[in-house]
Amino acid sequence: DATRLSANGRPSRLALWWLAIRPRTLSLSAMPVLAGSALAWKEGAPFIGASVLIALLCALAIQAGTNLYNDANDFVRGNDGPTRVGPMRVTAAGLATPAQVRRAAASAFALAFVGGIYLVWAGGWPILAIGLASLAAGWAYSGGPRPLSYTAFGEVLVLGFFGVAAAAGSHYLQSGVWAYTAVLLGVALGLQAAAVLLVNNVRDLEADRLAGRRTLAGALGLAGARALYAGLMLAPFGLIALLAWRLGAAIVLIASVPALLWCAALALGFARLPPGVQMNRQLARTAQAQVLLGALLSAALLV
């Protein structure tokens with residue numbers, strides 16, 4: 001809670017913006033970058049440290065910018081009202097104005113753009129296409145007359161950009177080639193990133209209904225969303241088995257077993273969990289499960 005971070009009951013400036021970028025889920029964009037790079041090294045690509053570091057910073061900046069823009073725009077559209085049960089949002093809490101939060105979002109996107117200049121120099125026009133599409137997606141998630149966050153396509157966007165694009169693009173930066181294996185890896189991690197958003201939207205089913213927001217969770221209903229969550233959390237392990245076979249590296253599959261057990265437990269728990277504030281813990285644990293899977297896969301690939 002940000003109110004604990006200062007003597008006068010308000011967060012410091014640094015704590016305010018740290019809260020606003022939602023640090024607990026920033027790992028969702030980081031893990032595909034690290035795992036995609038590790039896969040490239042596994043396949044014989046040279047280590048290019050600057051490309052890994054800058055790609056990681058750009059991914060984090062785009063996610064932070066997306067979160068900030070969402071914070072401001074959801075408040076302006078009336079979606080972060082008194083019925084909200086999720087973590088504090090700085091605009092709705094009156095800690096910053098929508099204009100201030102939007103400027104912070106623009107700064108984060110600008111930082112990603114600057115870092116992207118080096119990545120384009122290193123990787124060429126394919127990286128330019130991925131970078132511009134990622135920036136556009138970050139804006140479109142909450143911006144424009146029909147934000148993607150108000151539709152059933154939010155999870156698809158997460159899968160595409162927090163999974164496939166991040167992993168395959170990072171692999172390409174290291175290796176200079178597009179690889180089927182990198183796509184498999186990106187889909188595996190992207191599915192679990194999409195599960196985080198699904199939990200968020202199941203938690204907010206009632207608030208979204210009142211705000212006229214029709215997310216995938218709202219379209220499927222509670223039973224359908226629970227079934228989809230189980231699929232998003234467990235389907236990656238079939239892809240990992242295929243990846244391990246394709247690489248001839250059984251250690252990749254073996255290393256993922258702890259994550260599989262945790263994901264199965266999360267899926268079982270989610271099937272009995274009603275919408276509401278208790279979903280906040282489920283959301284955090286889902287993000288942590290994706291971190292565990294990405295870390296285990298990265299380590300196994302490096303071994």
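Where does Arg22 lie? Select this residue to start, keeping in mind that you are looking at a predicted model. Arg22 is in the loop that runs between helix 1 (13-20) and helix 2 (27-42). Check its backbone: phi is positive, about 60°, although Arg22 is not a glycine. Most residues other than glycine have a negative phi. Arg22 also counts as buried, because its relative accessible area is 16%, and the cut-off for buried is under 20%.

Next, move along to Phe47. You'll find Phe47 in the loop between helix 2 and helix 3 (49-76). Is Phe47 buried or exposed? With 60% relative accessibility, Phe47 counts as exposed. Show its surroundings: setting aside neighbours within four places in sequence, Phe47 is in contact with Trp41 and Gln174.

Which helices each supply at least two residues of the patch? Colour helix 4 (98-123) and helix 5 (125-140) to see them. Zoom in on Ile117, which sits in helix 4. Ile117 is exposed, since its relative accessible area is 52% and exposed means over 50%.

Time for some helix packing. Two packed helices are described by the angle between their axes and the distance between the axes. Show helix 7 (residues 180-203) with helix 12: the angle is about 170° and the axes are 8 Å apart. The two are therefore roughly antiparallel to each other. To view the meeting place, select residues of helix 7 including Leu185, Leu189, Val196 and Val199, and residues of helix 12 including Leu283, Ala287, Leu293 and Leu297.

Keep helix 12 (residues 279-302) on screen and bring in helix 9 (residues 216-247). This pair packs at an angle of about 0°, with axes 13 Å apart. That makes helix 9 roughly parallel to helix 12. On the helix 9 side, pick Tyr229, Met233, Pro236, Phe237, Ile240 and Leu247; they meet Gln282, Thr286, Ala289, Leu293, Leu297 and Leu301 in helix 12.

Last stop: charged pairs. How many salt bridges are there? The count comes to four.

- Arg203 and Asp204: these form a salt bridge in which the closest N and O atoms are 2.9 Å apart. Both residues are buried.
- Glu206 and Arg209: the closest N and O atoms in this salt bridge are 2.5 Å apart. Both residues lie in helix 8 (residues 205-211), three residues apart, about one turn of the helix. Glu206 counts as partly exposed at 46% relative accessibility, and Arg209 counts as exposed at 53%.
- Asp208 and Arg213: here the closest N and O atoms are 3.7 Å apart. Both of these residues are buried.

A network of salt bridges links the three.

Key. Residues are numbered from 1 along each chain as its sequence is written. This is a predicted model: local features need pLDDT of at least 70, side-chain atom pairs count only at pLDDT 80 or more; totals for chains, interfaces and linings use all residues. Side-chain values use heavy atoms; hydrogens and water are left out. Helices (H or I, at least four residues) and strands (E, at least two) are DSSP runs, numbered from the N terminus. Buried means under 20% relative accessible area, exposed over 50%, partly exposed in between (1.4 Å probe, protein chains only). Axes are lines fitted to C-alpha atoms, for helices over the stretch in contact, and angles run from 0 to 180 degrees between N-to-C directions. Angles under 35 degrees count as roughly parallel, over 145 as roughly antiparallel, 65 to 115 as roughly perpendicular and the rest as oblique. Contact means heavy atoms within 4.5 Å. A salt bridge is a side-chain nitrogen of Lys or Arg within 4 Å of a carboxyl oxygen of Asp or Glu.
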